[in-house]
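Subject: Structure handover

Hi,

Here is the structure I promised to pass on.

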Amino acid sequence: MSPVPPPIRGRPERRELTPELAERAIETVRNALPFFTAGMPIIHRAPGGDVHVDVPVMYLNFAVDRVHYDPKTGMPSPKGMPAVSSGGEVSPGRVRERTQKLLKELHVLDACEFRGPEDCWVVPVAWKSFIILHVRVSADGRELIPDYGLTEEVRRHGG
């Protein structure tokens with residue numbers, strides 16, 4: 001059994017959450033959106049031949065979230081419902097290229113939620129009428145918070 005690492009920070013202090021902080025978090029994501037890039041797709045193959053494709057969305061060499069990509073339709077799937085395709089070949093280069101084009105069509109929604117356990121805002125980002133990203137922003141609304149687990153997965157897969 002491996003040791004459990006210590007927490008990065010202690011219990012967050014109680015803070016007053018205001019609409020202005022939420023608006024700042026939303027604006028931070030809006031300002032970062034033009035700099036989002038598609039990472040190298042991570043292709044998951046199930047034993048039965050089914051394929052699930054995740055495309056990391058990168059910002060300054062860190063992943064902020066993943067897009068669930070449907071290789072059959074060439075479109076992203078909404079959050080909460082990753083597409084699964086039956087067999088077939090998936091071209092990582094084409095998936096990445098298509099996702100990069102889709103990123104130019106994203107828009108930030110004008111609302112967000114606060115997650116107490118993570119001490120951050122979560123700002124939804126949509127493509128057409130699908131929410132496809134949840135971007136985490138610091139409690140003060142000023143900084144994007146990377147998805148460290150996904151960033152590590154990207155680095156393991158050579159992205």
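Before the aromatic part, one definition: rings of Phe, Tyr and Trp (for Trp, its six-membered ring) are taken as a pair if their centres lie within 6.5 Å. Planes under 30 degrees apart make the pair stacked, over 60 edge-to-face, and the rest tilted. Also keep in mind that this is a predicted model.

With that definition, a search of the whole structure gives 4 aromatic pairs. One of them is F114 with W121: the ring centres are 5.0 Å apart and the planes stand at 75°, so this pair is edge-to-face.

Now for the overall layout. The protein has 3 helices and 10 strands, and from the N terminus on the elements go α-β-β-β-β-β-β-α-β-β-β-β-α. Of its 159 residues, 42% count as buried. Take the contacts between residues at least 6 apart in sequence: 54% of them join residues at least 24 apart. The exposed surface comes to about 9,500 Å², and carbon and sulfur atoms supply 54% of that.

On to the inside. The largest nonpolar core holds 31 residues, and the ones that touch the most other members are V29, F36, L106, V125, L133 and L144. Several elements supply at least two residues each to this core, among them helix 1 (19-32), strand 3 (50-59), helix 2 (92-103) and strand 9 (120-127). Which element gives the most to this core? Helix 1 does, with 6 residues.

Leaving aside neighbours within four places in sequence, F36 is in contact with V57, M58, Y59, V64, Q100, L103, L133, V135 and L144.

S77 lies in the loop between strand 5 (75-76) and strand 6 (85-86). Is S77 buried or exposed? It counts as buried, because its relative accessibility is 7% and the cut-off for buried is under 20%. The side chain of S77 reaches the backbone nitrogen of A83 at 3.4 Å. Beyond its neighbours within four places in sequence, S77 is in contact with H68, D70, P82, A83, F130 and I132.

G48 sits in the loop between strand 2 (42-45) and strand 3. With a relative accessible area of 73%, G48 is exposed, as the cut-off for that is over 50%. The C-alpha atoms of G48 and S86 are separated by 8.5 Å, and the two residues are 38 apart along the chain.

Cheers

Technical notes. Residues numbered from 1 in each chain as written. Predicted model: local features only at pLDDT ≥ 70, side-chain atom pairs only at ≥ 80, totals over all residues. Heavy atoms only, no water. Core = buried A, V, L, I, M, F, W, Y, C linked by side-chain atoms within 4.5 Å. Buried < 20%, exposed > 50% of the residue type's maximum accessible area, 1.4 Å probe, protein only. Helix = DSSP H or I, 4+ residues; strand = E, 2+ residues; numbered from the N terminus. Contact = heavy atoms within 4.5 Å. Areas by Shrake-Rupley, 256 points an atom, 1.4 Å probe, with all protein chains shown as cover. Polar contact = N/O pair within 3.5 Å; in protein donor to acceptor, adjacent residues only side chain to side chain.
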